[in-house]
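Open the model in your viewer and keep the selection tool at hand. The tour goes from stop to stop, with something to select at each.

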Amino acid sequence: NHMKEGADLLQAWKKEIPEGTEAYLHWSVLFYMWSICKYVRCVKLEYFFLCTVSMICAFQFIKKITNNDVLGILSMLYLLCFYSRGFFWFMLEPWGTVPLMLGLVFMAYDQHILSASFLLLSFFFKENFFIAPLAIALTHMAWLVYTRPSRKESKKVVPYIVALLAIIGFMLCHLPTYAEPVYTYVGYFFCGKVYLHFFIHHLSHFMYPIGLVNFLLAILGATSIPNRQMKVLLLAIIVVTHFSLLM
């Protein structure tokens with residue numbers, strides 16, 4: 001609304017977050033993507049283009065790991081529903097899903113450097129949500145190396161280790177931004193600050209707009225994957241990323 005009134009992005013953001021604006025923006029790739037757009041309609045065009053890329057990636061990813069075109073089309077339609085919610089245009093999660101899907105599709109095609117790079121990039125859209133897929137991918141690759149030790153398998157895990165170390169290094173360089181959320185989570189688990197009514201409320205809405213049904217459909221779809229390793233990977237990503245929003 002501020003941009004529609006004539007303010008540029010930074011001015012609009014400062015009106016919404018008058019204190020600590022720079023601290024909030026310094027890590028977000030979205031700020032730099034949005035700043036090249038003078039008008040809201042330009043942001044929507046950028047959003048449309050990236051979402052289209054993400055939907056194509058979803059189809060290719062699901063088709064690759066299931067060898068089923070129908071499941072690929074259903075995945076595209078789900079993302080279409082997710083992206084087309086009008087009030088999501090300036091939310092971080094839909095934009096961060098784009099590099100996440102690119103990371104997954106490159107993983108399926110054994111392009112692990114590109115996969116780790118895009119999973120790393122997704123962190124800089126929504127850090128508390130998109131760090132989980134990278135950590136799970138690293139665990140998955142490490143498990144493959146452990147079960148099938150070879151030089152070829154060992155090379156697969158290196159890009160994910162580098163990406164996770166880059167995130168840790170970045171967080172250490174910006175402690176004022178990340179220290180408070182970490183202390184908050186620690187307080188939840190070790191100081192008994194868990195609000196049961198808040199947890200139950202989110203448990204029934206954590207896949208808004210249609211609640212628990214989406215989560216169960218995602219689990220059902222993941223179980224249809226014939227590749228056991230990819231099945232375990234996706235089930236872990238689905239469960240961890242969804243329930244991380246409940247904290």
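Helices here are DSSP runs of H or I with at least four residues, strands are runs of E with at least two, and both are numbered from the N terminus. This is a predicted model, in which local features need pLDDT of at least 70, side-chain atom pairs count only at pLDDT 80 or more, and totals for chains, interfaces and linings use all residues. Residues are numbered from 1 along each chain as its sequence is written, and side-chain values use heavy atoms, with hydrogens and water left out.

V70 is exposed, at 53% relative accessibility.

**Stop two: salt bridges.** How many salt bridges does a search of the whole structure find? It finds 2. Each needs a side-chain nitrogen of Lys or Arg within 4 Å of a carboxyl oxygen of Asp or Glu. Select D69 and K63: their closest N and O atoms are 3.8 Å apart. D69 is partly exposed at 41%, and K63 is partly exposed at 34%. Next, pick E93 and K126, bridged at 3.7 Å, N to O. This pair links distant parts of the chain: E93 sits in helix α6, K126 in the loop between α7 and α8 (127-147), 33 residues apart.

**Stop three: aromatic rings.** The whole structure holds 6 aromatic pairs. Rings of Phe, Tyr and Trp (its six-membered ring) pair if their centres lie within 6.5 Å; planes under 30 degrees apart are stacked, over 60 edge-to-face, the rest tilted. Select F106 and F118, a stacked pair: 5.7 Å centre to centre, 15° between planes. F106 is in helix α6 (residues 92-108) and F118 in helix α7 (residues 112-123), 12 residues apart. F106 is partly exposed at 23%; F118 is partly exposed at 22%. Move to F123 and F124: centres 5.0 Å apart, planes at 85°, so edge-to-face. Both F123 and F124 are buried. Finish with Y47, F82, Y83 and W95, which ring pairs link into a cluster.

Terms used. Buried means under 20% relative accessible area, exposed over 50%, partly exposed in between (1.4 Å probe, protein chains only).
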